[in-house]
Amino acid sequence: MDEQRTPRSPAWGGPPSWWRHGPPGWRGGDDQERHARRPWRSTLLLTAFVFIGSNFASQAQVGERASLDLFARALLLVGCGLLLWRQRYPVFVAFGTAAAAMLYLGAGYAYGPVFLTVALGCFSAIVAGHRRAAWAAVGMLWAGHVLVAHWLYRWLPPSGDTPAAWGQEVVVATWIVAIVALSELVRVRREQWARERVERAQAARRRADEERLRMARELHDVLAHSISVINVQAGVGLALLDSDPEQARTALTTIKAASKEALGEVRQVLDTLRAPGEAPRAPAPGLDRLPELLEQAASAGLTVEVQGESPKLPPGTDLAAFRIVQEALTNVVRHSGSRHARVLVEQAEGALRLRIDDDGPATGADAGGSGNGLAGMRERAAALGGTIEAGPRDDGGFRVLAVLPLKAKEDR
């Protein structure tokens with residue numbers, strides 16, 4: 001790539017950089033130009049067609065146009081050879097093929113497939129985004145043809161030539177417009193395909209980010225509560241290991257049960273991630289498992305009072321409700337001095353309302369949560385079209401209020 005971007009050596013005498021890219025308004029498609037390969041096969045086929053077709057055209061126009069000689073064949077070869085660089089230097093090729101065709105016609109040689117080189121050169125320039133360069137090239141060729149056919153023919157071969165009919169110029173202009181229109185259509189379609197590829201790539205990245213956040217949120221919610229219980233019970237066990245071995249044994253039993261449950265939930269999450277297209281082997285937790293959650297909280301020294309009953313919920317809403325209550329109680333265990341919490345579950349105005357209160361006081365500056373847990377709760381609620389409000393109460397406690405629609409946002 002670096003070799004293509006450096007100036008050509010003086011011995012080769014290649015085109016200057018502005019011929020490759022055009023003036024600033026003509027630039028575009030640099031990545032495609034850098035990576036383009038020379039189209040040898042198509043250029044060789046076109047060259048053969050142009051030479052054979054020009055020979056037939058010259059024989060058909062004997063006496064009207066000059067016969068093909070070495071100079072004519074050199075011009076045809078130059079026009080065709082330039083097409084090898086049409087993907088790397090589209091502006092230079094568009095003007096080069098137009099100039100070669102104009103010299104060919106000015107020398108009085110037969111009309112024929114020489115125009116194909118110009119058509120392909122301008123087509124490549126337009127598709128690469130150099131629209132004004134292509135228009136200028138075909139405009140230059142058409143203007144040169146008008147001058148030669150209606151004014152300069154007196155001094156140019158073949159001798160005894162007469163001015164061309166103006167109807168011929170209409171035909172030439174029609175072909176030019178058709179070529180440019182087709183080129184513009186291809187350019188637009190390529191831009192649309194490029195935009196669609198970018199949009200698909202962005203959508204894939206968004207899905208990957210959302211999946212990554214979902215994984216992080218799920219693992220956080222699964223582990224935070226159980227590890228908080230384990231931490232509390234480990235402290236109790238260490239404190240009572242010598243003075244009350246039986247109570248320490250109870251703490252270790254609680255640690256074992258909590259760790260086993262955490263491992264089971266983590267395994268369930270990982271199984272779901274490994275086989276996203278398959279149904280999970282175990283149902284996702286919901287508010288029907290609230291009694292288990294209360295037992296874990298009780299083992300950590302937290303008494304929880306529950307009011308109300310949960311209605312039948314969609315699986316996604318049920319899981320989100322369970323995780324919100326779980327995270328809120330975890331925050332009480334970790335960040336509140338209160339050993340008592342209240343959970344209110346009620347249905348109102350087509351929504352499930354969850355209110356989790358504790359009486360405080362906070363045991364640290366991050367009372368209510370360190371930030372990740374609250375962010376996870378808000379993400380879960382927002383995904384369902386719900387809301388989360390969390391903050392200290394006036395009486396010194398902390399409250400988490402979640403409102404989740406009974407019908408998920410995506411089902412509406």
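Author: Helices (H or I, at least four residues) and strands (E, at least two) are DSSP runs, numbered from the N terminus. This is a predicted model, in which local features need pLDDT of at least 70 and side-chain atom pairs count only at pLDDT 80 or more, while totals for chains, interfaces and linings use all residues. Residues are numbered from 1 along each chain as its sequence is written, and side-chain values use heavy atoms, with hydrogens and water left out.

Reader: Which helix supplies the largest share of the lining of the second largest pocket?

Author: A pocket is defined on a 1 Å grid over the protein atoms alone, as an open set of points where a 1.4 Å probe fits, with protein on both sides within 12 Å along at least five of seven lines; lining residues have an atom within 4 Å of a point. The second largest pocket holds about 450 Å³ of space. Its lining has 20 residues, and the closest to the centre are Phe-115, Val-172, Trp-175, Ile-176 and Ile-179. Helix 9 gives the largest share of this lining, seven residues. Helix 7 (114–127), helix 8 and helix 9 each supply at least two.

Reader: Why is the pair of Tyr-104 and Tyr-109 called tilted?

Author: Rings of Phe, Tyr and Trp (its six-membered ring) pair if their centres lie within 6.5 Å; planes under 30 degrees apart count as stacked, over 60 as edge-to-face and the rest as tilted. The ring centres of Tyr-104 and Tyr-109 are 5.3 Å apart and the planes stand at 40°, so the pair is tilted. The count by this rule is one aromatic pair.

Reader: What makes Val-91 buried or exposed?

Author: Buried means under 20% relative accessible area, exposed over 50%, and partly exposed in between (1.4 Å probe, protein chains only). Val-91 has 0% relative accessibility and therefore counts as buried. Val-91 belongs to helix 6 (residues 90–106), and its C-alpha atom is separated by 7.2 Å from that of Ala-134, 43 residues apart along the chain.

Reader: How do you know whether Gln-59 is buried or exposed?

Author: The relative accessible area of Gln-59 is 57%, so this residue is exposed. Gln-59 lies in helix 4 (residues 40–60).

Reader: Why does Trp-151 count as partly exposed?

Author: Trp-151 has 47% relative accessibility, and therefore counts as partly exposed. Trp-151 is found in the loop between helix 8 (131–150) and helix 9 (166–240).

Notes:
Points joined across faces, edges and corners; volume = space filled by probe spheres on them.
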